[in-house]
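This briefing is for a reader meeting the structure for the first time. Please look over the sequence and the model before reading the points that follow.

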Amino acid sequence: MKILVVEDQEAIAATLKRKLEAECYAVDVEHDGERGFYKARTNDYDLILLDKGLPGKDGYAICSELRNYKITTPIMILSVAAGTEDKVSLLDCGADDYLAKPYAFSELAARVKALLRRPGQIEAKTLAIDGFSLDRETYSFTFRGTTAPLTPKEFMLLEYLMKNAGKVVSRGMLLGHVWDDGVDQFSKSIDMHIMNLRKKIDPQNKDVFIRTVPGHGFIVG
Ligand code: CA
């Protein structure tokens, strides 16, 4: 799952990126409102965290303009000490949630999780398909009674594939949702990670769970 953070205070943005990455999200950061808006409009993020006060374009304007472009990605606005009226107008701009600064990261993380659930869906602690089960709290998987930890990237890859079970997931989709924008788009990184993941989750039968669809990508389930 990939998150865009638009925050002009570089230290806050860097901390947020580091902490979100530790929770197994890919994170892109922008410090300027115009650039953040462009990025949000031209990429398919799973969630956008918007600071309210930004140079170029503020969080409120970014949010309402994205909604005008029919971009429905969940948006959470982070803002210093908003009064009730301010909160109402923030939600009126089409934001899904609002969090006042300073906030505890644990609260932000819990709200991020809630926003990433599909509407009406209760996010289970584990995601299970064909006897493979992925634990979202311990970032590990279990197969045939054996539990093994995954690296953050392996977890993110497997989570994205399992969330899209039954559908072909292209390399472009994986780049868009699992890697941040620092990645070399032409690297063999995706195939290498898939290869390692296959060996790890089922060493005996490694090509069965994550199948390659030649010319298109990968499919699970
Ligand atoms: Ca700010």
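In which loop does Asp 207 lie? Asp 207 is in the loop between α8 (189-201) and β10 (210-213); helices (H or I, at least four residues) and strands (E, at least two) are DSSP runs, numbered from the N terminus. This is a predicted model, in which local features need pLDDT of at least 70 and side-chain atom pairs count only at pLDDT 80 or more, while totals for chains, interfaces and linings use all residues. Residues are numbered from 1 along each chain as its sequence is written, and side-chain values use heavy atoms, with hydrogens and water left out.

- Asp 207 is partly exposed, with a relative accessible area of 47%; buried means under 20% relative accessible area, exposed over 50%, and partly exposed in between (1.4 Å probe, protein chains only).
- From C-alpha to C-alpha, Asp 207 and Ile 194 are 9.9 Å apart in space, and they are 13 residues apart in sequence.

**The calcium ion**

- Asp 8 (OD), Asp 51 (OD) and Gly 53 (O) coordinate the calcium ion at 2.1 to 2.3 Å.
- Donors are N, O and S atoms within 2.8 Å of the metal (3.2 Å for Na, K and Ca); water is not among the atoms, so sites may look incomplete.
- The spacing of the donor residues in sequence is D-x42-D-x1-G.
- Asp 51 is buried, at a relative accessible area of 4%, whereas Gly 53 is partly exposed, at 46% relative accessibility.

**Strand β4**

- Ser 79 belongs to strand β4 (residues 75-80).
- Ser 79 is buried because its relative accessible area is 4%.
- Apart from neighbours within four places in sequence, the residues in contact (heavy atoms within 4.5 Å) with Ser 79 are Lys 52, Leu 90, Tyr 98, Leu 99, Ala 100 and Lys 101.

**Helix α7**

- Within helix α7 (residues 171-178), the residues Leu 174, Leu 175, His 177 and Val 178 are buried.
- The cover over the buried residues of α7 includes β1 (2-6), β2 (26-30), α6 (152-163), α8 and β11 (217-220).
- Helix α7 also holds Arg 171, which is partly exposed with a relative accessible area of 33%.
- Arg 171 and His 216 are 45 residues apart in sequence and 7.8 Å apart in space, C-alpha to C-alpha.
- Beyond its neighbours within four places in sequence, Arg 171 is in contact with Ile 190, Asp 191, His 216, Gly 217 and Phe 218.
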